[in-house]
Amino acid sequence: MAKIIVVTSGKGGVGKTTSSAAIGTGLALRGHKTVVIDFDVGLRNLDLIMNCERRVVYDFINVVNNEATLNQALIKDKRVETLYILPASQTRDKDALTREGVEKVLIELAETFEYIVCDSPAGIEKGALMALYFADEAVVVTNPEVSSVRDSDRIIGILHSKSRRAETGQEPIKEHLLLTRYDPERVELGEMLGVKDVQDILAIPLLGVIPESEAVLKCSNQGIPVILESQSDAGQAYEDAVSRLLGDERPMRFLTAPKKGFFKRMFGG
Amino acid sequence: MASFFDYFRSRKPNSASVAKERLQIIVAHERSQRQQPDYLPALQKELLEVIKKYVQVAQDDISIQIDNTDNCSVLELNITLPEK
């Protein structure tokens, strides 16, 4: 039975695609056959983040419309054996996604994949609603910043009311909070909401905290999912998050600022 | 870690706690609105039409909300009538 995981946030630019790529890659690295689907029709970017932008021939909408088979549209990752990408259409708009069409594709994917990661577009319109509708679990990506936290709360409300599980009265979607772009130093200075603050407000279990990291931009520049950069703080934090998603217990890391030397403490910087 | 010179800077309430307080208020407000049934705005509009037949009231003069307690729901309708 395939597990459908939506990566969502409401707000744009908080790290949904970065997180989808990292989590999908992390699951595949552990041997699970995984597909990451880009639901951002018209503004696809997962292909760039995962370095397969030049290999896109057919897309998600082509499969929905029976213009291509799933096997024609799926792109096999060149680094991780069990990882596939289903890119979004760049020329169509979000109305091209229908609930029946998405369901048909998900059912077919579920026959061969263990994990289906749905990379949601920003907003709360059709694309975002389609990405979360069939989900079993949701990763709510949030920055420690007021507009992101508010939008995450809104998305959590939508998971509770507009998903298939909610509409059919099944067990609710399992929710996970993924706090990204976290800067422990600014938290300690009282300039940024801390993990506990965000958790107090959103009240969903914490999956992980990804520190603000140079590695994220460096990786996206090159089309490398940051989890493959196993020496980096962000890569390790995603690694921990994937373990927790699979049910392992891992202590939270990167929650405190690195200790500074005597001079830095005296004179700031 | 605050530096030595920070002690001489003015101490305002830190901005993170301001953020948390503002979020708690707005999120609580939005959650309570979210729990209201979909038909409420339409109901409010129709009630306004009926009331308008008899007295002059504006959209803002009427408020409607549903409070759910343990085993009963209360539909609360508040109309501010114009002064005579």
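## A short tour of chain A

Start by selecting A:Thr18, A:Ser19, A:Ala22, A:Ile23, A:Gly26 and A:Leu27 in H1(A), and you'll find them meeting A:Tyr238, A:Val242 and A:Leu245 in H12(A). Sorted by type, the residues of this contact come to six nonpolar, three polar and no charged. Keep in mind that you're looking at a predicted model.

Now show the two helices whole: H1 covers residues 16-29 and H12 covers residues 233-245. They pack at an angle of about 65°, and their axes are 9 Å apart. Turn the view to look at the crossing of H1(A) and H12(A), which is right-handed.

Next stop: the aromatic rings. How many aromatic pairs are there over all chains? The count is three. For one of them, pick A:Phe39 and A:Phe60, which sit edge-to-face with 5.1 Å centre to centre and 75° between the planes. A:Phe39 is in the loop between strand S2 (34-38) and helix H2 (46-49), while A:Phe60 belongs to helix H3 (residues 60-64), so this pair ties together parts 21 residues apart in sequence. Buried or exposed? A:Phe39 is buried, at a relative accessible area of 0%, and A:Phe60 counts as buried with 0% relative accessibility.

Then jump to A:Tyr133 and A:Phe134, an edge-to-face pair with 4.9 Å centre to centre and 85° between the planes. Both of these residues are buried.

Last, select A:Lys33 and A:Phe113: the charged end of A:Lys33 sits over the ring of A:Phe113, 4.7 Å from the ring's centre.

Key. Residues are numbered from 1 along each chain as its sequence is written. Chains are lettered from A and ligands numbered from 1 in the order in which they are written. This is a predicted model: local features need pLDDT of at least 70, side-chain atom pairs count only at pLDDT 80 or more; totals for chains, interfaces and linings use all residues. Side-chain values use heavy atoms; hydrogens and water are left out. Rings of Phe, Tyr and Trp (its six-membered ring) pair if their centres lie within 6.5 Å; planes under 30 degrees apart count as stacked, over 60 as edge-to-face and the rest as tilted. Helices (H or I, at least four residues) and strands (E, at least two) are DSSP runs, numbered from the N terminus. Buried means under 20% relative accessible area, exposed over 50%, partly exposed in between (1.4 Å probe, protein chains only). A charge sits over a ring if NZ of Lys or CZ of Arg is within 6 Å of the ring centre and within 35 degrees of the ring normal. Axes are lines fitted to C-alpha atoms, for helices over the stretch in contact, and angles run from 0 to 180 degrees between N-to-C directions. A crossing is left-handed if the near helix is turned anticlockwise from the far one by less than a right angle, and right-handed if clockwise. Contact means heavy atoms within 4.5 Å. Ala, Val, Leu, Ile, Met, Phe, Trp, Tyr, Cys and Pro count as nonpolar, Asp, Glu, Lys and Arg as charged, and the others, Gly among them, as polar.
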